[in-house]
Amino acid sequence: MRAGCEATVSETVHAHGLRNCRYRGAAKTHVQHVLTAAGTNLVRLSSCFPPGTTMPTRNRPDSHLQRLCNSLAAAWN
């Protein structure tokens, strides 16, 4: 468990420059850390799906609102 956390911290420090903050103040520093973490997650997510592939879709039943909209649209036609 700790090895995974340490690897994540190491990646953000080395690849994304998280060691030195560009802003002063706790609020701005927090925003930079959150955005850096989001960017790291996007980079990791992009490596999961190569270009040209799509995420698998789940077949869900229609919600009550979707059924109501469909019935209203059918009534108008």
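How many helices and strands does the secondary structure of the protein come to? The answer is 3 helices and 0 strands, where helices (H or I, at least four residues) and strands (E, at least two) are DSSP runs, numbered from the N terminus.

Before starting, please note that this is a predicted model, in which local features need pLDDT of at least 70 and side-chain atom pairs count only at pLDDT 80 or more, while totals for chains, interfaces and linings use all residues. Residues are numbered from 1 along each chain as its sequence is written, and side-chain values use heavy atoms, with hydrogens and water left out.

**The whole chain**

The average is 84, and 100% of the residues score at least 70.

Next, view the overall dimensions. The C-alpha atoms fill a box of roughly 60 × 30 × 25 Å along the principal axes. The radius of gyration is 22 Å, whereas a compact globule of 77 residues would have one near 11 Å; this radius is taken over C-alpha atoms, and the globule rule is 2.2 Å times the number of residues to the power 0.38.

Switch to a surface view. The accessible surface amounts to about 7,100 Å², with 62% belonging to carbon and sulfur atoms, as calculated by the Shrake-Rupley method with a 1.4 Å probe. Buried residues account for 8% of the 77 residues; buried means under 20% relative accessible area, exposed over 50%, and partly exposed in between (1.4 Å probe, protein chains only).

**Helix α1 and the cysteines**

Select residues 2–16, which form helix α1. Glycine 17 follows α1 and has a positive phi, near 65°.

Now search for disulfides, defined as pairs of cysteine sulfur atoms within 2.5 Å. The whole structure contains 0. Cysteine 5 is in no disulfide, and the nearest cysteine sulfur, that of cysteine 48, lies 18 Å away. Cysteine 5 is partly exposed, at 47% relative accessible area. Cysteine 69 is also partly exposed, with 43% relative accessibility.

Move to glutamine 32, in helix α2. Is this residue buried or exposed? Glutamine 32 counts as buried, because its relative accessibility is 14%. A polar atom of its side chain lies 3.2 Å from the backbone nitrogen of arginine 22.

Select threonine 53, in the loop between α2 (26–48) and α3 (64–76). With a relative accessible area of 44%, threonine 53 is partly exposed. Draw a distance from its C-alpha atom to that of threonine 29: the separation is 36 Å, for residues 24 apart along the chain.

Finish at asparagine 77, in the segment after α3. Asparagine 77 counts as exposed, at 83% relative accessibility. Its C-alpha atom is 55 Å from that of threonine 8, which is 69 residues away along the chain.

Note on methods. Expected span 1.5 Å × (residues − 1). pLDDT = per-residue confidence, 0-100. Polar contact = N/O pair within 3.5 Å; in protein donor to acceptor, adjacent residues only side chain to side chain.
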